[in-house]
Amino acid sequence: MNNIWLLTKIMLKNSSRMGARKKGSEWKSLMLVALMLIGFLPMIISGVWFVAEMYDGLAQIGQESAILGMGLAMVSCAIFVLGIVYVITVFYYSQDVEHLLPLPLAPREILGAKFLVALFYEYLTELVLIGPLLVVYGVKSDAGVLYYLFAIVLFLVVPVVPLALSSILVMLFMRFTNIGKRKDRLRLIGGIVGIGAVLGFQYFIQRQNSAMEDIEQMQQQLLSGENVLLNLATQIFPSTKLAVLALVESGYWSGLGYLFAFLLATLAGILLFSFAGDRLYFAGVMGISDSAGTRRKVEGHAFAKLAQMRPAWWSYTIKEWRVIWRTPAYMLNCLLPSLLMPFLILIPLVGIQDRKDLLEAFRGWITGTGGISVAIFLAGSIVLAGMNSASVTAITREGQAFFLSKSFPLPFRQFLLAKLFPGTILSILSIFVLLAIAVWFLPITPLLAGLAVFVSIPGVMLMNQFGFLIDLQRPKLSWTSEQEAVKQNINPLFSLLFGGVLAAITILGVVSWGGSLIPVALVLFLVFGILNLMLYQVLVKKGPEWMDKIEK
Amino acid sequence: MIELNGVSKSYNGIRRAVDNLDLTIPDGEIFGFLGPNGAGKTTTIKMITGIIKPDAGQIRINGTDIAADPIKAKQRFGYVPDSPDLFLRLKGLEYVSFMADIYGVEQELRNSRIETLAKRFDMLDALGDTIQSYSHGMRQKIVIMGVLVHHPEVWILDEPLTGLDPKSSFTLKEMMREHADSGRTVFFSTHVLEVAEKLCDRVAIINKGKILFCGTFPQMQEHFQSHESLESLFLELTKHE
């Protein structure tokens, strides 16, 4: 047990930036966190409002506890899905694995520590997902101290079983794919199939819940046991039901009984995880960083192709592309969002397809003469660009190689171009994917399609420049795995947030103006064009100075 | 030629990693930069190569001030960093070619140079594989090839011999000698004192950011009135610091 604690502490210290921060930058970080909280405030408030409304409705028929059930079920599902990614990263593709394997540690000790690290990150997710719900429920039901005590215990314990399940799943997968020379590719394909499965699952849920548009209907579903998500979650994680009962009856002895039963179920989960870990982990993780070369001489055409002369900035761009394509973590975070996210936006559209009247209304809206349709499309593109991590991790991705790059005789403008290119191209690609989907569902005229692309291109260019600006200010260069560079990094969140705010401002601005299609498109193009030029000037002027300051 | 005048660097405003350094490395010389761990070697090299900015002082590469005209100064040197675990997702040939692009090496010239370098370092069969699949020594060799492909006038090498097999180590030392003999500059840091003693025309010993000695090995023996090896002198010099 001691070894587990020791390892956990070291791993957490190693993965947080706080240890290596410069003096005087704490207040900067604090300010950034505060800014983000303010940015997410509307989301949190609407979440709180939603839960409160649900509570009032359900309380009239004495079924308010269904909210807890739904919340815990939702959080279990989310942690299970996110857990798969965390486990792959933290258990397998983190560089410390190679240093830990030679130490006299049992698999369960390494796993125990890594499990706690993953759990720590899951708590952050949980805090956002279910923290407000637990508090709102407590306040609304005038719950006693015991409720909050139980809530804290449950908050800490609820993620354990889903995370243990996803760990076991990943360990099985890694154990049986740790074969042959092409294991990286094998795993990537497995990963993409996994993402496909998750998307399919989400589609299925959306489809089942498509009739659910307002709170009343949702309440109906919860009561009649028709909510697919809830049913599924309690089937996969039967222990969740015990957690809900413990909370609901926290004032009685039976509540304590349920809590103990839940803790016992969790303990069983831990034992199962430990049992599976001892048998599966080492066999899956050993030789993970090995990659075999062919050791064949490159000649003739192949040599000419690889050694072809290019302008420096273009060569740098191609290098960026290759690294994104060949690194699974970068591909998942920089490449796939551009292609998959438009589909995620599409799924609700499919959901409401049954509701003809709503779709018709939407159609009428989009085909009208107003400029709002083009603003909505631009906002969509901006949000998509904000979800893409390519530019906001452009410097971070280089890691320690960035310092070698600093010794290159490459003018800053060329460096900037090379860094902005991949992200911008990917964002433009997602504009077209979004357009294709929109054209499929909505009667979009060629004029609207043309104008939508016309205004969206400067929109996404601005997002990419902004992303690069953030990364230039606070790159995370000392990471132990590529996944850590893009995932355990706060910068993409800023880009996401900025995208959301910019999209909202755009839509609000156009709605309050109420101009018609072509004038709105022209004004948006001009505004975003000017913003781009201004930001570009700032980057070119101040960029070299900022880059000089990155010394560690 | 590399010139450092009054160069200082401190971290967090307290610890002086490099303290008022004056150093001139003339053309035609192999210059060894020695010192215990954490003495300030890598910090000095990073300042010379423009990776970090000195707090004070001036650095010139072949007469060009790196602060005033960084692009021109950077074109003059080639730099091998202390860790070769870089650009692991690229193939060897892609990396060397990328470096050739950065320094604008013409097609014909790069083809023949890559060929020659690969032969000398025994890397012909590995160029098509990703650097990730290389051993430590092979990674070191590909980084060195990436630097030498643009024929820099000044070589700046941070621990270049670490991990090289005897043959490659011999080849690199041979190339360093050739380069210095053709009237250009080789500046390298090392912990291997035997190598420094045999290879370097001059050495500087740095500790706690200050130069303790700079000169030829015979000068050092004369200075300390001793006929002991460089190792003994080095240990003596850095003992009480």
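Q: What makes two residues of this predicted model a contact?
A: Contact means that heavy atoms lie within 4.5 Å. Of the contacts in chain A with a separation of 6 or more, 84% are between residues 24 or more positions apart.

Q: Why is F33(B) called buried?
A: Buried means under 20% relative accessible area. F33(B) has a relative accessible area of 0%, so F33(B) is buried.

Q: How do you know that F187(B) counts as buried?
A: The relative accessibility of F187(B) is 0%, and the cut-off is under 20%, so F187(B) counts as buried.

Q: Why is the aromatic pair of F31(B) and F187(B) called stacked?
A: Rings pair if their centres lie within 6.5 Å, and planes under 30 degrees apart count as stacked. The centres of F31(B) and F187(B) are 5.8 Å apart with 10 degrees between the planes, so the pair is stacked. F31(B) is in strand β3 and F187(B) in strand β8 of chain B, 156 residues apart.

Q: What makes the pair of F33(B) and F187(B) tilted?
A: The centres are 5.2 Å apart, with 40 degrees between the planes.

Q: Why is R279(A) said to lie over the face of F275(A)?
A: A charge sits over a ring if CZ of Arg is within 6 Å of the ring centre and within 35 degrees of the ring normal. R279(A) lies over the face of F275(A), at 3.9 Å from the ring centre, so the distance meets the 6 Å limit.

How values were computed: Residues numbered from 1 in each chain as written. Chains lettered and ligands numbered in written order. Predicted model: local features only at pLDDT ≥ 70, side-chain atom pairs only at ≥ 80, totals over all residues. Heavy atoms only, no water. Phe/Tyr/Trp six-rings, centres within 6.5 Å; stacked < 30°, edge-to-face > 60°. Helix = DSSP H or I, 4+ residues; strand = E, 2+ residues; numbered from the N terminus. Buried < 20%, exposed > 50% of the residue type's maximum accessible area, 1.4 Å probe, protein only.
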